[in-house]
Structure formats: structure tokens, C-alpha cells
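Subject: Handing over the two-chain model

Dear colleague,

I am passing on the structure we spoke about, with the sequence alongside. Please open both before reading the notes further down.

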Amino acid sequence: MDGLIVSLLNGLSYGLLLFMLSSGLTLIFSMMGIINFAHASFYMLGAYAAHAVAGALSPALATGAAFWVALFIAPVLVGLAGAAVERLALRRLRGRGHVAELLFTFALAMIIAELVQLAWGRSAVPYRMPAAWGEALFSLGGHAFPVHRLVVALAAGLMLAGLWWGLTRTRTGLVVRAALSHPDMAQALGHDVPRVFMLVFGAGCLLAGMAGAIGGSVFVTEPGMAQALGPIVFVVTVVGGLGSLAGAFWASLLIGLLQTLAVGSAWSLAAPASWLGAADAARALADWPLSRVAPVLPYLLMVAVLAWRPRGLMGVRET
Amino acid sequence: MSPRPEGRPFLACVAVGLAVLALAPLCFGSGFQLGLMSQMCAMALFALSYNLLLGQTGMLSFGHAVYAGLGGYAVIHLLRGMDGGSFVYPTVLLPVAGGLAGAGFAALIGYPTTRRGGTPFAMISLAIGELVHAAAGMLPAWFGGEGGLAADRTAGPAFVAGLWPGWTLGPDVHVYYLTAAWTAACTLAIHALGRTPLLKLANAVRDNPQRVAFIGYDPHRVRYLMLILSGFFAGVAGGLMALNLEIASADSLGALRSGMVLLAVVVGGSGLFLGPVAGAVVVTFFSVELSRHTGAWQLYLGLAFAAVVLVLPGGLAGGLRDAARLVARGQSREWLGARIWTILGALAACAGLSLAIELAYGRVHDAGGPAAVPWFGVMLDPFAPLPWSAAGALAVLGAAGVFLGRGRGRPVPTPERCDV
């Protein structure tokens, strides 16, 4: 029971990290209609940028202080890079439809993956969280819950609150929402809609960079990290419903919990099969505990959701 | 939208194409060259099958390698079965089995996934690709795990036992002719498909699905049928690749392979029938040649991909068509004159970029080896300031050229909107 509670908490924390990524992707999609294929690459850039900034600052500051400063500088750098990508390339492609934009972000993901290897090599870099984060916050029946899980949850919670506040309580947020639903009208009223688009794209990349600066230190910072997380983030946004921030939130938690619980589970379909009296099937299924099929569960969930409800859990529109 | 060669010019094109395929081994006869040409042919067929989705139906797929990869696995499993002596099947017909595997899988998963086109289909296809790739890793008995499954392509008779015993499919040239024949036959079949009502409907679904639904056709069904057709030809291509390499691995199902075929189609141009073929030949050739000369070849491929998306909406084939129109109208000189500075600047900037990439690559990846980087025949020291300043100077020159060329020349033939 205690182990289950800690697993649940771990799943929630992983789900919140997924939400930090999927929120930016959803924000960009609902605003501009672009599926940013390079989103996970900006997550990776965030981790590497934080590593580089922390490395550059470490002679001047204590290691802990350098880490904290990097945690705030790196996302800003990534956000600026995202805004530059929007300004220099995506804006030129807007008139040609979404497929061209999608293809460009796909090419960008390839380029970023190669540039990262060019700058930092092919193996993992030693970008580690402060030692204090690795200690157990509390233990339940011998199952430790480390501090960094709480940090991830807090950062995601702060980000969610900030996003909500910015979008619903500020004048900029008002313009952003106006440009989201009626871009032509907002433009006619004198708002610079292309600049709003640049801002939103940069902000989405900033969120991804923040997730990377935290996630890279907790997990591992290596050139394959974008490829490892990218498809999962897309599954989250599709399951939650393209363009729905609330859907992305619930889908992130669902998939975070699903993956974390399945990895530690020895449960298989054998038990139900033996109740039904199919002994041979039960023996065959006993070889396939949930932990073994964990990697494909998010994709199976996505196919199931699409068959049952094509626009996702909370999606409002289809394209 | 895409002008098709009809009548006599069409027959002339077919004759020239067949002659090139038949005579190529006389000029390029080494094992490496034959292997490369077989790879190009199979990739060209793969790209054509992909264009049935992207160019004809407007369906962007990020998991097309699944159909080709499963076709490859079907061929390898049949060969292994024949090696075990359980049955006999003519090897030249193996690609059909690959095609049936691809079409069968498309029929299995296609119905729910083709419900919508556009961005939702793109993301679903990505997830299906990841699903199959992950599942392949979990089922080593069927997919061979990390190393993949190997087979002997001479395990069965090439045709029927006793007929043309000299043709064993052992030598590279036999495999090349098999691949070329299948590619030519499938290319003609795909071209003939272009005249069927289904393809016309697919084009209509690409341009305006709502209107197609309004006049009484079901866009979902059209997409589904197109996915099955495309899966069939992809499976044939995958079977040919597997016969050529005598191995099928989980990588052949993965995102990298899906990305390569997308790259080939976009670089070649999806708006013209032969665009994907041109793209497949160019991309295969450059990835093999570049990877022999520089470790940064994937970066160059990515940059070329981005540049084509930004600058050449119609791909290489579309660019060639526009150039031919300019020449036919006699405007080529005027066009070139207006853009000469931009072009020179872009060339200088590209040279500077590639120099910087090579130097950086030498610094990071060969740090323990000899500190010399080859760049167009010159050996450079990546740690010396001179080559780096040369790269910087080229970049500044390029920027100056692009700046000089700004605003000159009116927008001469605006390329037509890409057909997707």
C-alpha cells in the first residue's frame, strides 16, 4: 500500500513534467495551428543551455548558486531561440499552409539534434541536480520519495498558475486570446498579430526549455533525450485533445501515472484468463506482465481514445 | 494539377527510363555501385508510394516506414521458411508477399486512423510508427531483437525449379535487375493509377474534403483505400530492400526511415509524378557519398531539407520546371541578373557554413586524432585561428551579397502553391 502511494506520487510528478512540455505544444497549436515537431528539441536545448550556463558561471559562483541562476537563464535563452525561429522562418511559411510549417519544424528537429552533438558530443554531459534534491523527502514503508519529484511538481504548478494568470488576467493575455479566436479582427483593431504569434511561439519554447532545465538535471542530458520524449508528448496532446490546455493537463497526469504504475507492476491478463477457464491462454499471458508492455501502453491508449472519441478527451475542434 | 506526359512523349519517357535502368550496370558494374543503384530504385518506389498519400491525397504521414519494414520482414520470414525446407516459392515473386504484408497492415489499422486527414492523421501516424517500433523491440522471436533477422536470398529457386538455373539471385547484378524490374513495373502501375476515378477522388479529397463529402463520396473511405494502396507499394519497396541487404531490422520500422522517405519526397517535390523519384535518387546518393566524406552528413541533410522547404516549395522537380519555363520564355537572363548578388551571397554563406561545421566537427569529435580537417581537398587545422577567420569572412561576404541583392528584381514566376 505504501509502495503504491509513493508510486502514485512519482507518477503525478512525471505527469506534471509531461504537462510542462505539452502545455507549450498546446499553446502553440491552439494559437497558430502549428504542430511544433521540434518541441522536444527545445526541451533538449533547455537542458544543454542550463548545463552550459551553469558551467560558465561556476568559477564565479558556488556550484549550487550557478545551478539556480542557470535554471532561470536557460529557459529565457531557449525562448529567444524559439522567437527567432518564428521570426526568421515560420513567418515566411505562414502563407503556404500548415504542412510547410510542419515540415520545417521536422527539419529543425533534425538540425537541433545534430547541432547539439556537434557542440557537446555524442555522450551524456554531467549536468546534475544539487545533491540535496536526491535525498528522500519522506519514506513510506521503505519507499523513498525524493525531493526532486516535489521540485518538478512545484515548478509545473507555478508554471500552470503563471500561464493561467498571464492568459486571463493581463492585457497581453487578452490580446493573445483575441488573436487566437479572431486573428483578422484583432489585426483590424490595430494589434500586431504576427508579433503576438512570435511571442506565443517564444513562450511555448520557453516552457519547453524550463522543463528541459529541470528534467535534464533530474534524468540525463544526452542527444537522444528529445527523441525519447517527443512521441510521448504528442500522444499526450492528442489524447487530451488538440488545442485544449485542460485536456493536456489531465492527459499528462493520466499518462504519467499509467507509465509509472505499469513499470512497477507484475499484474498480467493471466488472472482474468484463468477465471474464465482458459488455462492455456493464462499460461501464455503470464509471460506478458504489465511491466513488459509498458512502453507501448501510451500508444495503445492513444489508439483507443481515437477510436472512441476522435477529438480527444477535451478537444473542441477537429483540426 | 500535375501535368502528365501523354501519348508519344509519355512512351518516349518510358523507353528512356527502361533503357537507363537496363544499361546502367554496364557503366557502373562494381558491387558497391550495384548495391547503391538497387538501394536507389527501392527508395524511389518507396517515395512514390509515399507520394500516393502526401502528394495525391494530402495525407502527411510520419510512420510510413512501418509498411515498408513489415514488407521486409515478410520477405525475410518467407526466405527463412524456405531455408528450413518447409515450402518452395519463387524468389522473384517475394516482393508481392512484402506488398501484401504492407497492404494487410494498412487495412488492419487504417480504418480508425484515416478518419481525419491533415494534422490529426500526421500525429496518429507518428504514434502508430512508434507503437510498431516499440512492439518490435518486445517481440524478439518475430522481429529478431537488436540485431534483426538475417536470411539467405538464394534459399529458394529464382523462378520455378529448373527454369533458368543460371539465375540464382546470388550476384549483386541479379538483385539489381530484380529491383529495377519491380520498380519499373510498380512505377508504371502507380502512373496508371493516376487515371483511375479513385485517384481523381483522392485529389479532390486533398483539395477540399468537405466538398467531396457534400457531393456524396466518403472522404474517409477514399483515404482508407489510398492508405492500403500506398501500403502495398511501400511493402514491395521494403521487400526489395530486404532482398538487397538480406536482413530486416527494427530500424527499418523506425522514425529515422520514415523521416528519410518524407525528406526524399519533399526535396524531390511532391507536385510532379517523377519528383519523388528524383528526390529518392538525390537523397540516397548524397547520404551515401556525404557519409563517406564527412561525419556531419546528417546535419547537411537536415539543413538541405529546411532550405528546400523555405526556398523551393515545389522541390527540385518544381524548381527545374520553373527554370525550364523561364528559359522557354527567354527570361532566364533577366531573372539571373536580378538575383546574381543574392545567389553569390548564398553560395559564399553556404561555403562559410560548411567550413565552420567541418572545423567544429574536427574539434569536437576527432579531438584525439590528427588535428587536420579536410575541406574540398585542403587540410586545415581546426584549432588554428586562420581557417575560422576564413569561415567568418565567407559568412560576412555572403551576408553582404544577400544584402546587396535585397529588393532587386520583381517576383518573377511565383512558383505554384505546393500540391499538398
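Below is what was found, beginning with the contact of the two chains and then going through each chain in turn.

Please bear in mind throughout that this is a predicted model.

The two chains

Between the chains, 35 residues of chain A are in contact with 34 residues of chain B. On the side of chain A that touches chain B, two or more residues are given by each of α3 (63-93), α4 (98-120), α10 (225-240), α14 (290-293) and α15 (297-308) of chain A, and the largest share, 13 residues, comes from α4(A). Sorted by class, the residues on this side of chain A are 27 nonpolar, 3 polar and 5 charged.

Chain A

Helix α4 of chain A also holds A:Glu101, which is buried, with 24 other C-beta atoms within 10 Å. If neighbours within four places in sequence are left aside, A:Glu101 is in contact with A:Ile34, A:Leu90 and A:Leu93. A:Trp308, in contrast, is 207 residues from A:Glu101 in sequence and 29 Å from it in space, C-alpha to C-alpha.

In the loop between α4 and α5 (131-134) of chain A one finds A:Arg128, which counts as partly exposed with 17 C-beta neighbours inside 10 Å. From A:Arg128 to A:His98 there are 30 residues in sequence and 38 Å in space, again C-alpha to C-alpha.

Elsewhere in chain A, helix α1 (residues 2-32) packs with helix α9 (residues 193-218) at an angle of about 170°, their axes being 9 Å apart. Because of that angle, α1(A) is roughly antiparallel to α9(A). On the α1(A) side the contact is made by residues that include A:Leu17, A:Leu21, A:Gly24, A:Ile28 and A:Met32, and on the α9(A) side by residues that include A:Phe197, A:Phe201, A:Gly204, A:Ala208 and A:Gly215. By class, this contact has 17 nonpolar and 4 polar residues, with no charged residues.

Chain B

For chain B, the domain assignment gives domain 1 (17-316) and domain 2 (332-404), and the C-alpha centres of these two domains of chain B lie 36 Å apart. Their contact takes 4 residues from domain 1 of chain B and 4 residues from domain 2 of chain B; on the domain 1 side, those residues are 2 nonpolar and 2 polar, with no charged residues.

Helix α12 (residues 275-293) and helix α14 (residues 315-329) of chain B pack at an angle of about 115°, with their axes 7 Å apart. Here B:Gly275, B:Ala278, B:Gly279 and B:Val282 of α12(B) meet B:Gly315, B:Leu316 and B:Ala317 of α14(B), and by class the residues of the contact are 4 nonpolar and 3 polar, with no charged residues. B:Ala384 is placed in the loop between β4 (378-380) and α16 (385-404) of chain B and is exposed, with 11 other C-beta atoms within 10 Å.

Helix α8 (residues 197-207) of chain B has B:Ala202, B:Val205 and B:Arg206 as buried residues. Because they cover an arc of only 100° around the axis, they are on the same side of α8(B). The buried residues of α8(B) pack against α2 (31-57), α9 (209-214) and α10 (219-245) of chain B, whereas the face turned away from the buried side carries the exposed residues B:Pro197, B:Lys200 and B:Asp207.

Most residues other than glycine have a negative phi. With 17 C-beta neighbours inside 10 Å, B:Glu246 counts as partly exposed.

Lastly, B:Leu108 lies in helix α4 (residues 94-113) of chain B and is exposed, with 10 other C-beta atoms within 10 Å. B:Leu108 and B:Glu358 are separated by 250 residues in sequence and by 47 Å in space, C-alpha to C-alpha.

With best regards

How values were computed:
Residues numbered from 1 in each chain as written. Chains lettered and ligands numbered in written order. Predicted model: local features only at pLDDT ≥ 70, side-chain atom pairs only at ≥ 80, totals over all residues. Axes fitted to C-alpha atoms, helices over the stretch in contact; angles between N-to-C directions. Helix = DSSP H or I, 4+ residues; strand = E, 2+ residues; numbered from the N terminus. Parallel < 35°, antiparallel > 145°, perpendicular 65-115°, else oblique. Contact = placed C-beta atoms within 7 Å. Nonpolar A, V, L, I, M, F, W, Y, C, P; charged D, E, K, R; others polar. Domains from an automatic or database assignment. Buried ≥ 20, exposed ≤ 12 C-beta atoms within 10 Å, placed from the backbone. Arc of directions from axis to C-beta.
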